[in-house]
Amino acid sequence: MKTVIRGGRVYDRAGDIHRPPLRDIILEEDRILGVVEPGEPAATDIARAASNGEPNARVIDATGKLVIPGLVNAHYHSYDVLSKGRFEDMPFDVWMLHSQPAYWGTRSKAELRARTLLGALEALRHGITTIQDMNSLVPQDEETLDTILSAYAEVGIRVVFSIAVRDLAALDIEPFLPPGIPADVAALINGKPGDAKADIAFIRAQLARRKPLPPRLHWAIGPSGPQRCSTELLEGLAAISADFDLPVLTHTYETRAQLAKARKAYAKFGGSYVRYMREIGLLTHRTTLAHGVYLTRPEIDELAKAGAGVVHNPLANLKLKNGTAPLIDFKRAGINLSLGCDNCSCSDCQNLFQAMKMYALLAQGMDGEASGVFACDAIDAATIGSARAVGLAGQVGEVKAGMKADLALIDLSDYAYQPFNSAARQMVYSETGRAVDTVMIDGDIVLSGGKPVKLDWDSFRGELTEIMAKADTDYATLAQRNAPALPYLLEAARNVNRARLGLNRYAGGGIGDPE
């Protein structure tokens, strides 16, 4: 199959990012064969063949459209998609107790499928063609894994999947809990320890079982966080990453509590998760730290030296009261910066346009001087930066020859682009996702006219209504069970905010000592 996408403005980060020129894009099967000026013979020949009814030729009219590389969501968890809109004004560890799959227990296969499909469909609707799903499997078995991966294949999205693992049970905030907690509440907060050897064996077994990989499925390694994993588990995961050349994505320095824990638990490593990860072999060019809000400047330099990166999740960082990551320091250090939407229960959407706008605005709000951070930097983070983070550099993230045909067509007649002054700036500051018209993955159209192609949306919504009846009942039970723990967790959050840690990442000089 050869395809020509005709007459669209093609976004090229190395070209005119404000008024991209009209170009034709030639596809062959799942790859971009070339990006050429209109009227080039190669494109004309395909169009002529299509008009003559040849089955292996196709024309897609992109007149009035902006063609961009499919966006890459470098940090996401599909397990709580059904909790969109449930939570508000919750400190991080209170939210954890209500959102994490271990607290919900085993879910039906119908629910596993529905939540996976819903998250993927929302991503496609907003021009996201690749998602990195860091998924805590409950239970951790092949049936659960296969149900989720089958749903991704059903909708047609590209997924970089990691099995999130941890074997240290306590919440990050545990050192700040007040004394006198009842035993049953302490048991609820602390959870149950895991088994490092079992986790490592399970991951290796899944890598061996799925060979060759089906189209659009890729693996990553997902330690929940260095503070939540034993050295044995982290070293085992580092070995898997090296053996299979797989990216590692892990939560690091997301909260003040995690910073405080690093200072105490890793004192012999200078109180630094980054130095600890380096010493045990987990900090490499394959490593990306999710969040990184409380990274210090020396640690940022350490990341740059290792070739590691950060995936910025501005929506979740703010909603969960964690503050703002030091974006300007990241850029100045030259580390790879990517973007994520994180959980639906703490960002409430899978929409990188929102994340790009927040990225750009937060950078402008850090001080009163020119920051050197522009709209095009936000787009880079959501495309090539995220592609690097998830191990797909050179495969996705740009519209150029040799890349996968993962593309989004944006309707320039939308209000967001009237008048049309700058593709880059209006994509970041004006776009909401509303103007995304067509999405292609591997050259396959998966969204057309803003609607999914491979699944009937109205029928799916009916399935979702049935599933939510049980999910709502189960959440009410969970909330009632968790209620006795809330006063202790809220007091712990106050204790964290009173701690002298030498960093303040809150907007407006909020609680927390100055840097």
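Helices (DSSP runs of H or I, at least four residues) and strands (runs of E, at least two) are numbered from the N terminus. Residue numbers start from 1 along each chain as its sequence is written, and side-chain values use heavy atoms, with hydrogens and water left out. The model is predicted: local features need pLDDT of at least 70 and side-chain atom pairs count only at pLDDT 80 or more, while totals for chains, interfaces and linings use all residues.

**Overall dimensions**

The protein holds 18 helices and 18 strands. Its radius of gyration is 23 Å, close to the 24 Å that the globule rule gives for 515 residues, so the protein is as compact as a globular protein of that length. That radius is taken over C-alpha atoms, and the globule rule is 2.2 Å times the number of residues to the power 0.38. The C-alpha trace spans about 80 × 50 × 45 Å along the principal axes.

Of the 515 residues, 58% count as buried. Buried means under 20% relative accessible area, exposed means over 50%, and partly exposed lies in between (1.4 Å probe, protein chains only). The accessible surface comes to about 19,800 Å², and carbon and sulfur atoms hold 52% of that surface. Areas come from the Shrake-Rupley method with a 1.4 Å probe; for residues, only the protein chains shown count as cover. Among contacts (heavy atoms within 4.5 Å) with a separation of 6 or more, 75% join residues 24 or more positions apart.

**Nonpolar cores**

A nonpolar core is a set of buried Ala, Val, Leu, Ile, Met, Phe, Trp, Tyr and Cys residues joined through side-chain atoms within 4.5 Å. The largest one has 140 residues, and Tyr 152 and Phe 161 touch the most other members. Helix H14 (residues 352–364) supplies the largest share of this core, eight residues. Another core, of 14 residues, lies apart from it and includes Ile 60, Ala 62, Val 399 and Met 403.

Phe 161 has 0% relative accessibility and counts as buried. Beyond four places in sequence, its contacts include Asp 133, Leu 145, Ile 148, Tyr 152, Leu 217 and Trp 219. Val 159 also lies in strand S8 and is buried at 2% relative accessibility. Leaving aside neighbours within four places in sequence, Val 159 is in contact with Ile 131, Asp 133, Tyr 152, Arg 216, Leu 217 and His 218. Val 159 and Gly 292, 133 residues apart in sequence, are 23 Å apart in space, C-alpha to C-alpha.

**Aromatic pairs**

A pair of aromatic rings is described by the distance of the centres and the angle of the planes. Rings of Phe, Tyr and Trp (its six-membered ring) pair if their centres lie within 6.5 Å; planes under 30 degrees apart count as stacked, over 60 as edge-to-face and the rest as tilted. The whole structure contains nine aromatic pairs. Two of them are tabulated here.

| Pair | Centre distance | Plane angle | Class |
|---|---|---|---|
| Phe 161 and Trp 219 | 6.3 Å | 75° | edge-to-face |
| Trp 457 and Phe 460 | 6.0 Å | 35° | tilted |

Phe 161 is in strand S8 (residues 158–165) and Trp 219 in strand S9 (residues 217–219), so their pair ties together parts that are 58 residues apart in sequence. Trp 219 is buried at 8% relative accessibility. Trp 457 and Phe 460 both belong to helix H17, three residues apart, about one turn of the helix. Trp 457 is partly exposed at 36% relative accessibility, whereas Phe 460 is buried at 1%. Ring pairs also link Tyr 253, Tyr 266, Phe 269, Tyr 273 and Tyr 276 into a cluster.

In helix H6 (residues 183–190) the buried residues are Val 185, Leu 188 and Ile 189. They cover an arc of only 95° around the axis, which puts them on the same side of H6; the arc is that of the directions from the helix axis to the C-beta atoms. On the other side of H6, Ala 183 and Asp 184 are exposed. The cover over the buried residues of H6 includes helix H2 (92–99), helix H3 (101–104), helix H17 (457–482) and helix H18 (486–498). Gly 191 follows H6 and has a positive phi, near 70°.

Glu 142 is in helix H5 (residues 142–155) and is partly exposed, with a relative accessible area of 35%. Not counting residues up to four places away in sequence, Glu 142 touches Phe 202, Gln 206 and Arg 209.
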